[in-house]
Amino acid sequence: MRLHRAFPHPKAAISYTYDLGATWRHQIVLEKVLDDHPLEPPRCIAGKRDNPVEYDYPEDPVPFDADAINRKLRNLAADG
């Protein structure tokens with residue numbers, strides 16, 4: 001889903017629950033829309049440690065790779 005559909009106007013909000021076992025609940029609110037502000041695609045500038053392993057997966061943790069993350073972010077921005 002594109003953000004403009006999830007947040008049709010400023011102050012619109014959505015709830016997001018991650019990890020139904022631990023029930024991490026997040027409330028995400030669109031504060032304002034910057035119509036005339038050119039934004040660069042998002043990029044990861046820092047990180048540390050491995051990605052967490054989910055409960056049901058016996059896989060080894062994936063090492064943090066900022067270059068791989070930024071490639072994914074560029075691809076997502078290009079699709080938008």
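**View 1. Arg 25 in strand E2 of the predicted model.** Arg 25 is found in strand E2, which covers residues 24-29; helices (H or I, at least four residues) and strands (E, at least two) are taken as DSSP runs, numbered from the N terminus. The model is predicted, so that local features need pLDDT of at least 70 and side-chain atom pairs count only at pLDDT 80 or more, while totals for chains, interfaces and linings use all residues. Residues are numbered from 1 along each chain as its sequence is written, and side-chain values use heavy atoms, with hydrogens and water left out. With a relative accessible area of 67%, Arg 25 is exposed, where buried means under 20% relative accessible area, exposed over 50% and partly exposed in between, for a 1.4 Å probe and protein chains only. When residues up to four places away in sequence are not counted, Arg 25 touches Tyr 16 and Thr 17, a contact being heavy atoms within 4.5 Å. Between Arg 25 and Ser 15, which are 10 residues apart in sequence, the C-alpha to C-alpha distance is 7.2 Å.

**View 2. Asn 70 in helix H2.** Asn 70 is found in helix H2 and is buried, with a relative accessible area of 12%. Its contacts, leaving aside neighbours within four places in sequence, are with Arg 43 and Cys 44.

View 3. About 620 Å³ of space lies in the largest pocket. On a 1 Å grid over the protein atoms alone, a pocket is an open set of points where a 1.4 Å probe fits, with protein on both sides within 12 Å along at least five of seven lines, and lining residues have an atom within 4 Å of a point. Grid points are joined across faces, edges and corners, and the volume is the space filled by probe spheres set on the points. The lining consists of 19 residues, and Leu 3, His 4, Val 33, Leu 34 and Leu 39 lie nearest the centre of the pocket. Helix H1 (3-6) and helix H2 (66-79) are the elements that give two or more residues to this lining. By class, the lining residues comprise 13 nonpolar, three polar and three charged, with Ala, Val, Leu, Ile, Met, Phe, Trp, Tyr, Cys and Pro counted as nonpolar, Asp, Glu, Lys and Arg as charged, and the others, Gly among them, as polar.

**View 4. The chain as a whole.** Two helices and two strands make up the secondary structure of the chain, and along the sequence they follow the pattern α-β-β-α. Of the 80 residues of the chain, 8% count as buried.
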